[in-house]
Amino acid sequence: MKKTKPNSRKNLFLITCLLMAAGYSGSAQLSKVVPMSNWDIIAKATGFDTLCSVWANPKAISFEVPGNNGDIVRKIIVNWQTNMDYGPYPYLHGTMSSTNEGASYGTIVTDTYCDPYLTGTDSDTNNVDLMTAIKRRDGVIIAIPYRVKYPPQGQQATKKYYFAYNISTDNGETWTHFPDDTATGGTVTFDSTVLGMRFHQGAIQENDGTIYAPVYARYLTDTVFRVVLMKSTDGGVNWTFCSKVQFTPTLDYTESGLVRCANGDWLMVLRSDSQGP
C-alpha cells in the first residue's frame, strides 16, 4: 500500500472508508463502491463545494440486507461531516445509502448537529455519526460519534468519559438517540488519567460478542497522543481499556482505522505526525 503523507488526513479517511465498504470482497473495485463524486455530492449538500475545502470525516459501513426480490443484497451507508475540531466550520452532517453495491445512491439526508458541548444540551436525535459503527451479531447497528462529552473546562483530566450514541434495529432506516448523560450515555474507561480522546474508524466483533475499536488519547503523563484498543462486552455501550497499539514519546499517533482482513487478521492504519489533531 502506498504510504500517505503525515498530514494527509483526508487520504487516510478515504482509504479506511473504502476498505470498510468493500470489505466483503477482496476483489471489489473500490472506486465503484464509493466514488469520490458521491463524497463531493454530500459535501455540496451540506453547504461546501468539495471535500477538499474542509477538514472532512468521510465514513462508510456495509452489511447484508434482504432485497426486494427475496434475495440478499449489500447495503452501504456513507456518512460525511465537517470536522468539529476545526473551529471555523459547524458540525454539518450528510448521509446517503445504496442497496446495489454502490452503483447508485438514494436521497441525501443532511442535518446540522446541535453541539451539546456548545449549547449545554444534547437534544439532536437526527444526527447519526458513523465514526465508529458496527452491525452487531444481534442485527442491531450501534453508531458511536467521533467526539465524546468532555468534563467542564479545567476538569478534563479523568479516566472516564461519557458519549451519546444511536441505535438502529431496521438496518439504518431509523435511529434511536441516547444522550450523553450519566443515566443513558455510553462510557469509556481508561487504565490511567487522560486529558482528551477521540473514537476513530472501525469496530470488530468477535464470536464471544466482545467488540473492539481504536481510540486515540492524550494521557496525563504524556505530551503526545497515543492509539489504544478499547473493548466492550455489552454491545458497544460501555468501553474499557484493552491494550496499547502505538506510543512514541516524541510523536503523535492519532486517527486510526481498524478492519478485519479476509484471512481473519486485523489491520489497523495509523496517522502519525508531530502536530497532533
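Reader: Which residues does Asn238 touch, not counting residues up to four places away in sequence?

Author: Contact means heavy atoms within 4.5 Å. By that rule Asn238 touches Gly186, Thr187, Lys231, Ser232 and Thr233, leaving aside residues up to four places away in sequence. This is a predicted model, where local features need pLDDT of at least 70 and side-chain atom pairs count only at pLDDT 80 or more, while totals for chains, interfaces and linings use all residues. Residues are numbered from 1 along each chain as its sequence is written, and side-chain values use heavy atoms, with hydrogens and water left out.

Reader: Which side chains make a polar contact with the side chain of Asn238?

Author: A polar contact is a pair of N or O atoms within 3.5 Å; within protein, one must be able to donate a hydrogen and the other to accept it, and residues adjacent in sequence count only if both atoms are side-chain atoms. The side chain of Asn238 has such a contact with that of Thr187, at 2.5 Å, and another with that of Asp234, at 2.6 Å.

Reader: Where is Asn238 placed?

Author: Helices (H or I, at least four residues) and strands (E, at least two) are DSSP runs, numbered from the N terminus. Asn238 lies in strand β14, residues 238–246.

Reader: How do I read a sheet?

Author: Strands of a sheet pair through backbone hydrogen bonds, either parallel or antiparallel. Two strands are taken as paired if DSSP finds at least two bridges between them. Here four strands form an open sheet, in the order β5-β6-β8-β9, with antiparallel pairing. At its edges stand β5 (132–135) and β9 (176–178); each has a single partner strand, so one side of each is left without a neighbour in the sheet.

Reader: How many bridges join β6 to β8?

Author: Three bridges join β6 (residues 141–144) to β8 (residues 165–168), and the two run antiparallel. Ala143 is found in β6, and its bridge partner in β8 is Asn166.

Reader: Is Ala143 buried or exposed?

Author: Buried means under 20% relative accessible area, exposed over 50%, and partly exposed in between (1.4 Å probe, protein chains only). With a relative accessible area of 1%, Ala143 is buried. Among the residues that Ala143 touches are Val128, Thr132, Tyr165 and Trp175. The C-alpha atoms of Ala143 and Thr132, eleven residues apart along the chain, are 5.9 Å from each other.

Reader: Where is Val128 placed?

Author: Val128 sits in the loop between α4 (116–119) and β5. Its relative accessibility is 7%, so Val128 counts as buried. Asn238, by contrast, is partly exposed, at 31%.
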